Amino acid sequence: MRPNKNGRINSWKWLFLALLACMLGTGLVLFSRVQTKREDLTQLVVPSEEDAKVGSFSTNREQLNDTITQYLKDYQTDSFRYQLYLTSQQIVFEGTYQVLGVDIPLYVYLQPSRLEDGSIALGIEEISAGSLSLPKTEMLTYIQKNYKLPSLVKIDAQAARIEIQLTQLENQLGLYAKANTIDLYNDQIIVDIYRKKQK
């Protein structure tokens with residue numbers, strides 16, 4: 001530091017220069033920090049090859065029976081009306097069977113089980129008109145031809161089996177369901193909800 005004409009050092013001048021240097025240094029550090037890209041977090045997240053599970057819901061027989069009744073309203077016709085409901089032991093399909101123009105009550109007793117892909121298999125225990133047992137293959141073929149069923153219901157008459165393909169549910173949100181637990185005796189039905197993977 002050089003003294004001025006009076007022989008004193010001008011400290012204000014040096015303080016100003018030090019302040020200016022600090023401001024320039026801070027400005028350069030801030031500028032370089034603003035220009036630097038952050039780490040790419042998308043590289044840390046490995047995209048899943050599977051659909052994402054978004055939740056589960058639990059219901060009981062009474063609630064599910066109400067839901068099924070409402071859902072099947074769109075599938076009733078003037079010629080063939082039917083209902084499906086759960087009991088503590090099985091699922092029952094009730095409809096009518098026409099013989100010579102006479103409506104005869106038709107009962108199909110089904111035993112549900114969960115498949116590996118989350119669909120529900122309904123094994124046919126018995127098909128009857130009143131208390132008279134009917135052949136399973138012919139009656140399932142009759143039901144398939146005459147009743148209006150949801151598209152996710154697939155009937156295999158030869159294997160005497162019905163499959164409810166919950167994964168085939170169509171909606172705008174890309175959601176579908178998979179059966180998790182089907183315990184009619186303990187009144188517990190749990191279904192997992194999934195969102196289809198974005199393509």
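This is a predicted model: local features need pLDDT of at least 70, side-chain atom pairs count only at pLDDT 80 or more; totals for chains, interfaces and linings use all residues.
**Overall content**

The protein chain holds 3 helices and 10 strands. Read from the N terminus, its elements follow the order α-β-α-β-β-β-β-β-α-β-β-β-β. Of the 199 residues in the protein chain, 30% are buried.

An open sheet is formed by 3 strands in the order 1-10-9, with antiparallel pairing. Its edge strands are strand 1 and strand 9, each of which pairs on one side only. On average, neighbouring strands of this sheet are turned by 20 degrees against each other, direction ignored. In general, the strands of a sheet pair through backbone hydrogen bonds, in a parallel or an antiparallel way. Between strand 1 and strand 10 the antiparallel pairing extends over 7 bridges.

| Element | Residues |
|---|---|
| Strand 1 | 52-59 |
| Helix 2 | 61-72 |
| Strand 3 | 91-99 |
| Helix 3 | 136-146 |
| Strand 9 | 175-183 |
| Strand 10 | 188-195 |

**Helix 3**

The buried residues of helix 3 are Met 139, Leu 140, Tyr 142 and Ile 143. Viewed down the axis of helix 3, these buried residues fall within an arc of 155 degrees, so they line one face of the helix. The face turned away from this buried side carries Glu 138 and Lys 145, both exposed.

**Val 92 in strand 3**

Strand 3 includes Val 92. The relative accessible area of Val 92 is 3%; because buried means under 20%, Val 92 counts as buried. Ile 127 is 35 residues away from Val 92 along the chain, and the C-alpha atoms of the two residues are separated by 9.9 Å.

**The largest pocket**

The largest pocket contains about 830 Å³ of space. Its lining consists of 33 residues, and those nearest the pocket centre are Leu 64, Ile 68, Leu 84, Ile 164 and Leu 166. Helix 2 supplies the largest share of this lining, with 5 residues. Sorted by class, the lining of the largest pocket comprises 31 nonpolar residues and 2 polar residues, with no charged residues.

Conventions. Residues are numbered from 1 along each chain as its sequence is written. Side-chain values use heavy atoms; hydrogens and water are left out. On a 1 Å grid over the protein atoms alone, a cavity is a set of points where a 1.4 Å probe fits but cannot get out, and a pocket is an open set with protein on both sides within 12 Å along at least five of seven lines; lining residues have an atom within 4 Å of a point. Grid points are joined across faces, edges and corners, and a volume is the space filled by probe spheres set on the points. Helices (H or I, at least four residues) and strands (E, at least two) are DSSP runs, numbered from the N terminus. Ala, Val, Leu, Ile, Met, Phe, Trp, Tyr, Cys and Pro count as nonpolar, Asp, Glu, Lys and Arg as charged, and the others, Gly among them, as polar. Two strands pair if DSSP finds at least two bridges between them. Axes are lines fitted to C-alpha atoms, for helices over the stretch in contact, and angles run from 0 to 180 degrees between N-to-C directions. Buried means under 20% relative accessible area, exposed over 50%, partly exposed in between (1.4 Å probe, protein chains only). The arc is that of the directions from the helix axis to the C-beta atoms.
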